[in-house]
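Visitor: Hi, could you walk me through a few residues in this one?
Guide: Happy to, here it is.

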Amino acid sequence: MKISYIAHSSFLVETSGCSMLFDYYRGEIPSVDPGKPLYVFASHFHQDHFSKKVFSLAEEYPFVTYVLASDIPQHLRIPESLKTAVMDPRTTWSDERIRVETLRSNDSGTAFIISVSDNNKIRMLYHAGDLNNWHWDEEPDSLALIEEYHAEMETIRGRHFDAAFIPLDPRLENHAQDGILDFGKYADADRIYPMHMWEDCGVIERFLALPEAEPYREKTAAQSFYTDQIPEYI
C-alpha cells in the first residue's frame, strides 16, 4: 500500500486494486492508474477539506466513485452524472472492492473507516476528518467536544488499523496531541499520519518529544514525509 501526502488533511492511498483520495482541497494530486477504480472521500464541507474541483477527476479517470459526507449536498449541488455514495454518520456503504463505515464528527460531517483488499490482505484505514479532541483552553464548549470525541472512540474500542490519519492541530497548543493520545487508548494502528497541521509540520517533532509520546515514536510518520513529500509504502 502506497501513501502520499498532498496537503493539510489530504492523502492519496493506493492499493493493488484501487486508489483512494481523502479530503482534497488544494495541491497537486499524484497521477494514478486510470485502469483502477478511484474513490474520492470528503469528510465534510469545510473549505479546508473539500473542493468541488474533485468533480473534474471524473473527466480524467473512467472509474470514479465519490464518497461524501451528507452535509456536502446540503451546501452545493452534486452533478447527477457522478457516481456517488452520500453517507450519514454511523452508517455503512460497500461495493465489490471496499467497505466504508462512518463515525459522527464532533465538528462537522463524518470520519471514515475503510476496509479494502490489497494483494489478498484486508487493509484497515481510519481517516478522522475533523473528529478530534478539540480541547481549546478557556473555551466553554471544549468539555462537550471532548466528551463527544471519547464517545466516538468508544465505538472503535479494540480495533486495529493499518494506517490512521488523525489531527495534530498546532492551534490547540499544549493539547495538540490529545486526539492521537486518546485514539491510542481505544484503538491501535501500525502507522499514524498526523494531519490538519496548517503547514506547521514541526508540531510532529514537538509531539514526539513528549514523554507520553514514547509508544508512538516508531509508528508516527516523520516530519520529512510531509516536507519532502516522498510516498511511504506500508
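Predicted model: local features only at pLDDT ≥ 70, side-chain atom pairs only at ≥ 80, totals over all residues.

Visitor: Where is histidine 196?
Guide: Histidine 196 is in the loop between β12 (188-195) and α4 (202-208); helices (H or I, at least four residues) and strands (E, at least two) are DSSP runs, numbered from the N terminus.

Visitor: Why does histidine 196 count as buried?
Guide: Because its relative accessibility is 2%, and buried means under 20% relative accessible area (1.4 Å probe, protein chains only).

Visitor: What does histidine 196 touch?
Guide: Not counting residues up to four places away in sequence, its contacts (heavy atoms within 4.5 Å) include His8, Asp48, His49 and Asp169.

Visitor: OK, new topic: which helix holds aspartate 178?
Guide: Aspartate 178 belongs to helix α3 (residues 178-186).

Visitor: How far is the nearest side chain of opposite charge from aspartate 178?
Guide: That side chain is lysine 185, 7.8 Å away, and aspartate 178 is buried with no salt bridge (a side-chain nitrogen of Lys or Arg within 4 Å of a carboxyl oxygen of Asp or Glu).

Visitor: And how many disulfides are there?
Guide: The search of the whole structure finds 0 disulfides (pairs of cysteine sulfur atoms within 2.5 Å). Cysteine 18 is buried at 1% relative accessibility, and cysteine 201 is buried at 11% relative accessible area.

Notes
Residues numbered from 1 in each chain as written. Heavy atoms only, no water. Buried < 20%, exposed > 50% of the residue type's maximum accessible area, 1.4 Å probe, protein only. Lys, Arg positive; Asp, Glu negative; His and termini not counted.
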